[in-house]
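Please go through the model below with this briefing at hand.

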Amino acid sequence: MEKSLDNIVTLFSGNAWKAASFKPNGKMPIIRIQNIGENKSKEFIYWDEDYNETFIVKKGDLLLSLSGSIKLDFWDGQPALLNQRIVKISPKEGIDTHWLFFQLKNYVRKITNMGNHALVNNVSLTDLRKLTLKVPEYPDQLHIANLLSKAENLIVQRKESIRLLDEFLKSTFLEMFGDPEKNPKNLPFTTLEKLCSVIVDCPHSTPLKSKEATNYPCIRTSELTNGYISWDSMQYLDEDEYIKRTQRLIPEAGDIVYGREGTYGEAIRIPKTHKFSLGQRTMLFRPDYKKTNSIFLWAMVRSEFVYRQAKKKNSGSTVGHVNVKDIKQFRIFNPPIELQNQFAQIVEKTEALKTQYQQSLQELENLYGSLSQKAFRGEMVVKQAAKA
């Protein structure tokens, strides 16, 4: 049965607290939009003046933001005060909170499209109340929420496993080579330029992208994510454009692509899968394999030690920028090649395991999506579950 949101929940809007009275610390934190959602901030502003207790949010309350990026979240912190443009959603009798959470997740895009699409998208409470949902019987709500909660928990666990593998590589680097800032193992330093056979900057022009995916990906800074290529936003070239952009140097597997402008400091290793070229704001480092290992150099370039060097050399413009000549002079560890190779072997084994975890994560996310669609099409009811 379809019902309007207003018939199955009570919506309570946050308060417009006076910014002049905000405190950097205090008794009652204020929940702002940046404090909810998947990548929530743990930094709060505080309120020490009088307040109406109806604005208090407690652990387990369901919150929905109505400005900017629409976010849905269960509050999991200490009691706090609700800010404007966020609503607390309290289910009425016969509505399970967790079922409602999963149902509304399916409607986030629709809620977003209710906005006025101004510079900052805003959804009105009046329009939100009119949102219609398919509402199954209460036992079916519990069944759906239980299945989707289990699937979501598996996804969270798999993401945590992937994160721990990244942390393992960072700790392995420090264990084998020590903190470059303190250099407890008394390892020699050199410059990045001396460990590379070639360093080239990207062509200073916007590539002419292909209308379809080809074998010629063009790596921009947006594709450099946590040390690896992010394919979601990848742009591709046709063969002629690829030839133009690789006249100075044809990238090879093992070369390192480094972002030097905007979100500078991130780097990836080029795999064997495609014929790559450089997008704007990137550079390519080709290791001198007689002196260094590509995997070790990649890890070193991504270290906090090298990032701090880049930060000091930032030109100070509105968009972060590090000059090529300064990058070439980055101070780099130069431990024995045998030790670098040992580290590289550990990285390769860890990356193989990470690939398995990522494939498993994709399968779990596909399963969650399938279960979610079946649930809200009315294909998962208690009687069907009992026969399974």
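The charged end of Arg158 is placed over the ring of Tyr357, 4.6 Å from the ring's centre. Keep in mind that this is a predicted model. The points below are grouped by topic.

**Charges over rings**

- Arg158 has its charged end over the Tyr357 ring.
- Arg269 has its charged end over the ring of Trp298, and the distance to the ring centre is 4.6 Å.

**Aromatic pairs**

- The count of aromatic pairs comes to 20.
- Phe101 and Phe102 form an edge-to-face pair. Their centres are 5.3 Å apart, and 70° lies between the planes.
- Are Phe101 and Phe102 buried or exposed? Phe101 is buried, and Phe102 is buried too.
- Phe173 and Phe343 also form an aromatic pair, with ring centres 5.7 Å apart. Their planes stand at 80°, so this pair is edge-to-face; the cut-off for that class is over 60 degrees.
- Phe173 belongs to helix α5 (residues 138-177), while Phe343 belongs to helix α10 (residues 337-376). The pair therefore ties together parts that are 170 residues apart in sequence.
- Phe173 and Phe343 are both buried.
- Which residues do ring pairs link into a cluster? They are Phe12, Trp17, Trp47 and Phe55.

**Helix α8**

- Helix α8 covers residues 304-313. Its residues Phe305, Val306, Gln309 and Ala310 are buried.
- What do the buried residues of α8 pack against? Their partners are strands β11 (189-191), β17 (256-259) and β21 (331-333), together with helix α7 (294-301).

**The four-stranded sheet**

- Strand β17 is one of the packing partners of α8. Strand β17 also belongs to an open sheet of four strands.
- In what order do the four strands run? The order is β12-β20-β17-β18, with antiparallel pairing.
- The edges are β12 (196-201) and β18 (267-269). Each of these strands pairs on one side only.
- From one strand to the next, the twist averages 20°.
- How many bridges join β12 and β20? There are five, in the antiparallel sense, and β20 spans residues 282-287.
- Asp201 has Met283 of β20 as its bridge partner.

**Positive phi**

- Most residues other than glycine have a negative phi. Two exceptions follow.
- Arg85 has a phi near 70°, a positive value in a residue that is not glycine.
- Where is Arg85 placed? Arg85 is in the loop between β8 (80-82) and β9 (86-91).
- The relative accessible area of Arg85 is 31%, so Arg85 is partly exposed.
- Asn226 is not a glycine either, yet its phi is positive at about 50°.
- Asn226 sits in the loop between β14 (224-225) and β15 (228-229).
- Why does Asn226 count as exposed? Its relative accessible area is 54%, and exposed means over 50%.

Technical notes. Residues are numbered from 1 along each chain as its sequence is written. This is a predicted model: local features need pLDDT of at least 70, side-chain atom pairs count only at pLDDT 80 or more; totals for chains, interfaces and linings use all residues. Side-chain values use heavy atoms; hydrogens and water are left out. Two strands pair if DSSP finds at least two bridges between them. Helices (H or I, at least four residues) and strands (E, at least two) are DSSP runs, numbered from the N terminus. Axes are lines fitted to C-alpha atoms, for helices over the stretch in contact, and angles run from 0 to 180 degrees between N-to-C directions. Buried means under 20% relative accessible area, exposed over 50%, partly exposed in between (1.4 Å probe, protein chains only). Contact means heavy atoms within 4.5 Å. Rings of Phe, Tyr and Trp (its six-membered ring) pair if their centres lie within 6.5 Å; planes under 30 degrees apart count as stacked, over 60 as edge-to-face and the rest as tilted. A charge sits over a ring if NZ of Lys or CZ of Arg is within 6 Å of the ring centre and within 35 degrees of the ring normal.
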